[in-house]
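The sequence and structure come first.

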Amino acid sequence: MAKGKKQNTELPPRFDPRSFEDPTYRRWSEGGYFGADPGSARETYVIVMPPPNVTAELHMGHGLNNTIQDVLIRWRRMQGREALWVPGTDHAGIATQNVVERQLAADGRTRWDLGREAFVERVWGWVRETGGTILEQLKAIGSSADWDRTAFTLDPGLSRAVREVFVRLYEKGLVYRGEYIVNWCPRCATALANEEVEHEEVEGALYYQRYPIIGEGGKYLVVATTRPETMLGDTAVAIHPEDHRHQDLLGKKALLPLAEREIPVIADDFVDPEFGTGIVKVTPAHDPNDFEIGLRHDLDQVDIFNPDSSLSDAVPERFRGMDRFAAREAVIKELQEAGLLEKTEKHMHSVGHCYRCHTMIEPRVSEQWYVKMAPLAEPALEAFRKGEIRFTPEHWGGVYVGWLENVRDWCISRQLWWGHRIPVWYCRSCDAMLVLHDDPTACSECGSDDIEQDPDVLDTWFSSWLWPFSTLGWPDETDDLATFYPGHTLVTAPEIIFFWVARMIMAGLEFMGTVPFNDVYLHGTVRDHVGRRMSKSLGNGIDPLEVVGIFGADALRFTLMNGLGIGADLQLNYEDLEESFHVGRNFGNKIWNAARLALPHLEGDVDPIPEHGRLELSDRWILSRLNSAIREVTHDLERFRLHEAAAELYRFFWSELCDWYLELVKPRLYNESDPEARVVARSVLREVLDTSLRLLHPIMPFITEELWLRLPNRAGASIMVSSWPEPRPAWNDPEAEAQLDVLREMLGAVRNIRSEYNVAHGRQIEVRILAADDALRGAIAAEGEATVKLAGISTISFDGETGGAEAMAVLSTGAEVHVPLEGLIDLARERARLEKQAAELEAVVERSRKRLGSADFVKKAPDQVVEQARQKLRGLEEQLAKVNEKRRILEGD
C-alpha cells in the first residue's frame with residue numbers, strides 16, 4: 001500500500017461469505033490471475049484436470065477432487081512457479097448418447113428414426129447448451145484453472161490427435177481388428193473394455209444338468225452351470241486331464257439336450273475339478289475362458305444371442321426371440337420335464353455389469369478393434385521401477401504394476417454414434433481397407449469412390465489417454481507443449497487407475513518419450529455418515545453448491561481438506577449439513593473475528609519488525625511458532641498430506657494466534673501511553689496476520705483475499721500472487737517457546753482450578769507459585785499485565801505459607817501452583833455437596849464390585865460385557881478418588 005493511503009480496516013460484525021465470494025472470483029478472473037504464460041522463464045508446475053463428463057453435474061466427489069487440485073495450484077503459484085491447471089470436459093460416449101436417446105424415447109422416437117448425422121447434430125446441440133455446466137459450477141468452489149485453455153475431447157485439435165495416434169499405432173502393428181470374445185452391453189448395444197465392467201457378487205443358482213452319453217443308453221454325464229440358457233451354444237463338455245473320476249468319458253460324445261446336437265468330451269487344463277461335478281460345459285461364444293478352450297480345441301462358436309440379448313436364429317425355433325432371462329426359465333422347465341435337471345443349489349458368484357447403465361453384460365464373440373498393450377506396458381513398468389512415477393498412497397504402485405504385468409489387449413471400438421469415428425474406410429470395389437489421417441474421397445488402391453467409413457466409434461478413454469499432451473496442441477510442436485509438457489501432478493480417484501492413469505503414462509512414453517507427470521495422488525471416496533458411497537440412486541448425496549450457499553466455499557474446502565486422510569475415505573452426514581460443515585464454518589468465523597480485532601490497530605503504515613532485542617517474549621514466541629507452522633505446512637503440502645496441513649493451520653491460527661498471542665498483545669495495542677510498545681506490537685501483529693493469511697490461502701482462498709487486501713504494507717494486488725511464506729532463521733527462538741509454554745501451562749492449571757471449584761467468573765484469585773524456575777518467573781515478569789487478565793488473577797507470589805483449604809497443581813517443571821479457596825467459594829456448601837457425591841459414588845462402586853465378584857456373572861456373561869464392567873468400575877474408582885481428594889483439600893489437610 002502506498003505510504004499515507006488509508007486502508008479500509010472496518011469489517012462487518014457478521015461473517016457473511018456470500019457478500020464477497022462471487023465478486024472476489026470475478027476480480028480474479030477478470031484480472032487474468034488464472035492464466036499461465038508459455039514465454040515465462042519461471043519454473044513450471046502443471047496439473048491436468050480429470051475431465052468430467054459433459055453429462056455431469058457437480059457432486060461432492062468433484063468438489064473433493066478439484067479442491068485438492070486447486071490447493072496445489074494456488075500453493076505452487078504463490079511459490080513463484082508458472083502454474084498451469086488445464087481444465088476441460090470429456091465427451092463421454094455412452095453416457096452422453098444415453099442422455100439424448102432418453103430424450104428421444106420420451107417423444108416416442110429412436111436414434112434410428114433421425115439417422116446418424118441428424119442424431120450426432122442433436123447431441124452436439126445438447127452439449128453446446130448444457131455441456132459446460134459443471135465447469136461453471138467448479139468456479140463457485142474457487143477453482144483457479146486456466147479457463148482460456150478449456151478443452152473438450154471432441155474439439156478439432158484433440159480429434160486430430162486421436163486420429164494421429166490411431167494411425168501411428170496401426171502402422172506399428174499395435175492396432176488391429178479381430179474377432180474375439182467381448183463384454184457386450186445389451187442396453188447400450190456396444191462392446192466394453194474389461195475395465196468398464198463392474199463385477200458384483202450376487203446370489204444365483206447352480207443348475208446340475210444331465211447330458212446323455214451317446215451310445216450308452218440311459219447313461220449321462222452331469223455338468224453344473226449358473227446359466228442354463230447358454231447350453232444352447234455348447235460345443236463340447238470338458239474335464240481336467242488329471243481328473244481320474246471321468247477318464248472313461250474322454251473321446252466319447254454327449255447329446256446336447258433341447259438342441260439335439262452331438263458334442264465331444266475333451267480334456268483341458270483350465271477345468272477346475274472342484275467345481276460342480278468336475279465336468280463343465282464349453283460355450284466358446286459366450287464365456288471368455290470357454291473361448292480360449294475353443295481355440296485350443298478348434299471348437300465351433302455358436303452365438304445364441306442377438307445384440308439386444310434376445311435369442312438368435314442359432315437356437316431351436318421355439319426359443320428364438322426370447323429375452324435371455326425368459327429363455328432361462330424356458331430351458332429349466334424343459335429340462336425338468338425331460339428329467340434332465342438333477343438338482344439346483346444356491347450359489348454366490350460374480351456377475352459383470354455395464355459401468356454406465358448397470359445392465360448385466362453378455363460375453364459375445366464379436367469383431368472389434370484392439371490395441372496391443374504389452375509393448376506399451378513394458379516402458380510404463382520400467383518408468384515406475386526407475387522412480388519416474390510415484391504414487392500416493394504408495395500401495396497403489398503395486399496395484400499399477402500388477403495390472404501392467406497382466407495387461408490384456410484393449411478393445412477400443414464401440415457400437416455408438418457419438419464419439420470419435422474410427423478412421424478406417426473400406427472399398428466396396430476392391431475390398432481394400434484404408435487407415436488414414438484425413439477423410440478420403442476415393443480408394444487409394446483402385447481409385448473407386450465407392451468407399452464407406454467404419455461405423456464404430458472409439459472408446460471414450462482413447463481420447464482421454466492423450467489428455468496431458470493433446471490439450472497442449474500435440475501433434476503440432478506448440479509453445480504450450482514445449483513449455484508445459486511433461487506436467488507434474490495428477491490428482492484422481494483410484495477407480496480409474498486402469499482406465500486412465502496407466503494408459504496416460506503409456507501414451508506419454510509412446511508419443512512424447514517421457515512420462516506425463518511424476519506424482520499420482522489417489523484420494524479417497526466421499527461417503528455418507530454410515531459409510532455408503534454417495535449416489536443419486538441412494539439419495540444420500542450432498543450438493544456442493546448448496547453447501548456453498550449456506551456456509552461458503554471456504555467452509556466446504558476446509559472441511560474436505562481437514563477430513564482427507566491419506567488413503568482414507570471422507571464421511572459426511574447428508575442429513576445434517578451443520579454437523580458436517582460446522583468446523584469449516586466456525587473456523588472461517590474465527591479468522592474473520594480475529595481480523596476484526598486486529599485490523600483497527602493496523603490502520604496506516606506499519607513499521608517493519610524491529611531487531612530481536614526490542615521484541616517482547618510473546619512476540620518472539622509467536623514468530624518462532626509461525627516459523628514452525630510455515631515449515632510444517634510446506635512439508636505437508638509437499639507430501640500431499642493436505643489434511644495435516646489443514647490441521648496445522650487450524651491449530652496455529654486458533655490455539656496459538658487467537659487464544660494466546662492476541663490476548664497477550666492486547667494490553668500493548670490499547671496502551672496509548674507507551675507508543676514504542678504499541679509500534680512493536682503492531683509490526684509483529686501485521687506480519688503474523690499477513691503470513692497466516694498467505695499460509696491459509698490455498699485452502700481458504702476467498703476469506704484470505706478479502707482480509708489480506710485490507711492489510712497495510714501488503715505486496716501485490718491479490719494474495720493469489722503474493723509470495724509463499726518461508727521460514728526465517730532469525731525467528732527461531734526455542735528459549736521463548738519454552739518460557740511461554742510453561743506460562744501457558746501455569747495459566748491452564750489456574751483455569752482448571754477455577755473450573756473444578758466453580759469459582760465465579762468475575763472473582764479475582766490469588767496465586768502462589770512454589771519452586772518456580774527462572775523461565776516461569778521471567779515469563780510472568782515479561783507478560784505480567786496480560787497474565788493476570790487471562791486467568792482473572794489478583795496477585796501472583798513466589799513464596800509464602802501454604803496450607804488451609806487451597807487447590808494445588810504441579811507443573812511439568814516441578815513448580816507448584818497454589819490457589820487459596822477461602823473466600824472464593826462457600827466452603828461448607830461445597831463440602832456438603834462433595835460428601836453427598838462421594839456417598840453416591842461409593843454405593844455405585846460397591847454394587848459394581850459385588851457384580852464383578854460374582855463367579856456366576858464372570859463365567860456366564862460374554863467377555864466383552866465383563867470387560868466393559870471392569871472398565872466402568874475403574875472409571876468410577878478414579879472419579880471417587882478425585883472427589884475424596886477435593887474433600888481433603890477443603891478440610892485443609
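Which residues in the largest nonpolar core touch the most other members?

The model is predicted. Its largest nonpolar core holds 149 residues, and the ones that touch the most other members are Met60, Met561 and Met746. Helix α20, spanning residues 642-669, supplies the largest share of this core, with 14 residues.

Leaving aside residues up to four places away in sequence, Met746 has contacts with Ile769, Leu776, Ile780, Thr787, Ile796, Leu811 and Val817. Another core, of 77 residues, lies apart from the largest one. Val457, Phe462, Tyr485 and Ile505 are among the members of that other core.

## Helices α16 and α17

Helix α16 covers residues 544-551 and helix α17 covers residues 553-562. Their axes come within 7 Å and cross at roughly 120°.

On the α16 side, the contact is made by Pro544, Val547, Val548 and Phe551. On the α17 side, Ala553, Ala555 and Leu556 meet them. By class, this contact of α16 with α17 has 7 nonpolar residues, with no polar and no charged ones.

## Confidence

The protein has a mean pLDDT of 91, and 99% of its residues reach 70 or more. Residues 1-5 have pLDDT below 50. In the model, this stretch has 10 contacts beyond near neighbours in sequence.

How values were computed
Residues are numbered from 1 along each chain as its sequence is written. This is a predicted model: local features need pLDDT of at least 70, side-chain atom pairs count only at pLDDT 80 or more; totals for chains, interfaces and linings use all residues. Side-chain values use heavy atoms; hydrogens and water are left out. Axes are lines fitted to C-alpha atoms, for helices over the stretch in contact, and angles run from 0 to 180 degrees between N-to-C directions. Helices (H or I, at least four residues) and strands (E, at least two) are DSSP runs, numbered from the N terminus. Contact means heavy atoms within 4.5 Å. Ala, Val, Leu, Ile, Met, Phe, Trp, Tyr, Cys and Pro count as nonpolar, Asp, Glu, Lys and Arg as charged, and the others, Gly among them, as polar. A nonpolar core is a set of buried Ala, Val, Leu, Ile, Met, Phe, Trp, Tyr and Cys residues joined through side-chain atoms within 4.5 Å. Buried means under 20% relative accessible area, exposed over 50%, partly exposed in between (1.4 Å probe, protein chains only). pLDDT is the predictor's confidence in each residue, from 0 to 100.
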